Amino acid sequence: MNPAIPMRSPRTHSCSTATPNAHRRRMISSVEPANLKLSESGELAERARRAWQHRGNCDLCAHYCHIDRLETIKSAVRVAILFLGLTAAWGINCMERDQDIDLPEPSVAGDISLEAAIGERRSVRDFSKRSLSLADVAQLLWAAQGVTSRDGGRTAPSARALYPLEIYLVAGDVDSLPAGLYRYLPRGHRLQLISEGDLRKPLARAALDQSWVRRAPAVLIVAGVYERSAKKYGERARRYTRIETGHAAQNVYLQATALGLGTVIVGAFEDTEVQGVLGLPADHAPLALMPVGHPR
Ligand SMILES: Cc1cc2nc3c(=O)[nH]c(=O)nc-3n(C[C@H](O)[C@H](O)[C@H](O)COP(=O)(O)O)c2cc1C
């Protein structure tokens, strides 16, 4: 017998159960729902009464009650710690959200018809020195992957709506937006700052020195997170993600045309270099670069 157990009087202990767990099982089994199901209601009441009486008289029960109280306190402390942790995480999340940049609302009434935009679309590589407005950048990002329905549907189709694309923005000369790398957050239509500083030059070098990447006031980067699609499609995910890149890129082309801007899809670049310059997560594969600006 454990000497630490505070026995009122060994003689008064009529309970034959020797171990804490066995004891607890006995206490519980007298009122357990599985047992209740099989019992008559009168028998039930009697069992509950006996269990209660037993609890009141038994030293071992008193001891385990003490243990129960300690366990309750421990559980309460655990819940409190969990609550504080969640509150802190929520606070950090709010702070991060506060640092995100709200983008101007996208327009759904352009100046030219869809047919005119399709007819006029051309790859543009020669940009003027004019900066881009934040509204235009927001409109282009929205065209690439903006959310357009309550259930999360986007501007570009996606196999099983798994949305494996991420759109990044390298801002060099955008009004009211410090030069840096940003991630577009479709839900909420916001920008998340990833890193500060102008990355256009190193990005152009990673794209086989294509000067339009360096000269454009901003570059959109379409990255694919194959794993999101692979959960459903396995190997086929790579194909689908690249097809989706084409949809997003064509939207950007047409939107740029409608805004009087120019862009070109750049597929020739060193994958690992682009990934390194941007510091993308390992599972965000760069699939296309789209320098955008005012045509010269
Ligand atoms: C998958 C793909 C990759 C491309 N990669 C590049 C590129 O790395 N650099 C570039 O200047 N143009 C690139 N282009 C643009 C093509 O050169 C251009 O679309 C083609 O010359 C037709 O001209 P248009 O877009 O004006 O109709 C690419 C186009 C596609 C579809």
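What percentage of the 296 residues in the chain is buried? Buried residues make up 31% of the chain. A residue counts as buried if 20 or more other C-beta atoms lie within 10 Å of its own, as exposed if 12 or fewer do, and as partly exposed in between, with C-beta atoms placed from the backbone.

Before selecting anything, note that this is a predicted model, in which local features need pLDDT of at least 70, side-chain atom pairs count only at pLDDT 80 or more, and totals for chains, interfaces and linings use all residues. Residues are numbered from 1 along each chain as its sequence is written.

**The whole chain**

Start with a cartoon view. The chain has eleven helices and seven strands. Helices (H or I, at least four residues) and strands (E, at least two) are DSSP runs, numbered from the N terminus. Of the contacts in the chain with a separation of 6 or more, 71% are between residues 24 or more positions apart. Two residues are in contact if their C-beta atoms, placed from the backbone, lie within 7 Å.

Two strands pair if DSSP finds at least two bridges between them.

Now keep strand 2 (residues 165-171) and strand 3 (residues 180-185), an antiparallel pair joined by four bridges. Ala 171 is opposite Gly 180 in strand 3, and Val 170 is opposite Leu 181 in strand 3.

Leu 181 has Ser 195 as its bridge partner in strand 4. Strand 3 and strand 4 form a hairpin with four residues between them, and Gly 188 in the turn has a positive phi of about 100°.

**Helices on the sheet**

Axes here are lines fitted to C-alpha atoms, for helices over the stretch in contact, and angles run from 0 to 180 degrees between N-to-C directions.

**Helix 6 and helix 10**

Two packed helices are described by the angle between their axes and the distance between the axes. For helix 6 (residues 134-145) and helix 10 (residues 236-258), the axes come within 7 Å and cross at roughly 145°. Which residues of helix 6 and helix 10 make the contact? Helix 6 contributes Gln 139, Leu 140, Ala 143, Ala 144 and Gln 145, while helix 10 contributes Ala 248, Asn 251, Val 252, Gln 255 and Ala 256. By class, six of these residues are nonpolar, four are polar and none is charged. Ala, Val, Leu, Ile, Met, Phe, Trp, Tyr, Cys and Pro count as nonpolar, Asp, Glu, Lys and Arg as charged, and the others, Gly among them, as polar.

**Single residues**

Stay on helix 10 and select Glu 244, which lies in that helix. Is Glu 244 buried or exposed? Glu 244 is buried, because 24 other C-beta atoms lie within 10 Å. Leaving out residues up to four places away in sequence, Glu 244 touches Ala 156, Ser 158, Pro 164 and Leu 165. The C-alpha atoms of Glu 244 and Tyr 163 are separated by 8.6 Å, although the two residues are 81 residues apart along the chain.

Select Tyr 163, in the loop between helix 6 and strand 2. Tyr 163 counts as buried, with 20 C-beta neighbours inside 10 Å. Its phi is near 45°, a positive value in a residue other than glycine.

Go on to Leu 208, in the loop between helix 7 (200-206) and helix 8. Leu 208 is not a glycine either, and has a positive phi of about 55°. Leu 208 is exposed, because 12 other C-beta atoms lie within 10 Å.

**The ligand**

Finish at the ligand. Around it are Arg 122, Ser 123, Arg 125, Gln 210, Val 264, Ile 265, Val 266, Gly 267 and Ala 268.

Definitions and conventions
A residue is near a molecule or strand if its C-beta atom, placed from the backbone, lies within 6 Å of it.
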